[in-house]
Amino acid sequence: TLYHAGRDCDAEIDDALAIDGSGWTRNLAAMRALATNDVRRAETHILEARRLLPGELPVIVNFAEILRRQGRLDEALPLLDADDPEALRAGANLLVQDERHEEADEWYVRALRKSPFDAELLTDRAANCLKLDLINEADDLLGRAIGIAPSARIYRLIAFLAGRTSDVAAAE
């Protein structure tokens, strides 16, 4: 709770590790280390979390983020290249973070084939399409997403898109 509230929680995580040391506790310790840019410490915790929870997607995603920060994202992508749309989305999002937008788009397309009505996935792909200057595709994706589950992020992206196309009234 402290971690997700953005508050200091190092002592509490250390206490939890001393008491429990479960894979989920290790995963949380890795997330906290990543939040403070301590990649070495994060790697130590996530390796243990992976040993304890080898198939859990949140652990795999955090492991992949650590590898991405080390410049080794390509080593982690096969772990996310699955038949699961959430794993594909995570891989796409990591590629976006690495500014590999063309590759990310391929991953988003594959994820959307598995989960075509996921508003967050549609929105993620639309944001990536804007980076690639695929304006019409982004417009279509945002239109689909807003019809499924409107969100502040979708409205912000629609406003940005409208600004890019000089539609000032729509941007407002």
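N37 sits in the loop that links α2 (23–35) and α3 (39–52). The structure is a predicted model, and the protein in it has 11 helices and 0 strands.

**Overall make-up**

- Along the sequence the elements follow the pattern α-α-α-α-α-α-α-α-α-α-α, in keeping with the count of 11 helices and 0 strands.
- Taken along the principal axes, the C-alpha atoms of the protein fill a box of roughly 55 × 35 × 30 Å.
- The protein has 172 residues, and buried residues make up 41% of them.
- Of the contacts between residues at least 6 apart in sequence, 44% join residues at least 24 apart.

**Loop residues with positive phi**

- Most residues other than glycine have a negative phi.
- N37 is not a glycine, yet N37 has a positive phi of about 60°.
- The relative accessibility of N37 is 60%, so N37 counts as exposed; the cut-off for exposed is over 50%.
- E99 also is not a glycine and has a positive phi of about 60°.
- The loop that holds E99 runs between α6 and α7 (101–114).
- With a relative accessible area of 63%, E99 is exposed.

- E65 belongs to helix α4, which covers residues 57–69.
- E65 counts as buried because its relative accessibility is 13%, and buried means under 20%.
- Leaving aside residues up to four places away in sequence, E65 touches L34 and L94.

**Helix pair α6 and α8**

- Helix α6 spans residues 85–97 and helix α8 spans residues 119–131; their axes come within 11 Å and cross at roughly 25°.
- α6 and α8 are therefore roughly parallel to each other, since angles under 35 degrees count as roughly parallel.
- The crossing of these two helices, α6 and α8, is left-handed.
- On the α6 side the contact is made by R89, N93 and V96, and on the α8 side by E120, L121, D124 and N128.
- By type, the residues of the contact between α6 and α8 are 2 nonpolar, 2 polar and 3 charged.

**Helix pair α8 and α10**

- α8 also packs with helix α10 (residues 152–164), at an angle of about 25° and with the axes 11 Å apart.
- That angle makes α8 roughly parallel to α10.
- The crossing in which α8 passes α10 is left-handed.
- α8 contributes E120, T123, D124, A127 and L130 to this contact, while α10 contributes R153, I154, L157, F160, L161 and R164.
- The residues in the contact of α8 with α10 divide into 6 nonpolar, 1 polar and 4 charged.

**Where the two pairs meet**

- α8 takes part in both pairs, with α6 and with α10.
- E120 and D124 of α8 are among the residues that make the contact with α6, and E120 and D124 are also among those that make the contact with α10.

How values were computed. Residues are numbered from 1 along each chain as its sequence is written. This is a predicted model: local features need pLDDT of at least 70, side-chain atom pairs count only at pLDDT 80 or more; totals for chains, interfaces and linings use all residues. Side-chain values use heavy atoms; hydrogens and water are left out. Axes are lines fitted to C-alpha atoms, for helices over the stretch in contact, and angles run from 0 to 180 degrees between N-to-C directions. Helices (H or I, at least four residues) and strands (E, at least two) are DSSP runs, numbered from the N terminus. Angles under 35 degrees count as roughly parallel, over 145 as roughly antiparallel, 65 to 115 as roughly perpendicular and the rest as oblique. A crossing is left-handed if the near helix is turned anticlockwise from the far one by less than a right angle, and right-handed if clockwise. Contact means heavy atoms within 4.5 Å. Ala, Val, Leu, Ile, Met, Phe, Trp, Tyr, Cys and Pro count as nonpolar, Asp, Glu, Lys and Arg as charged, and the others, Gly among them, as polar. Buried means under 20% relative accessible area, exposed over 50%, partly exposed in between (1.4 Å probe, protein chains only).
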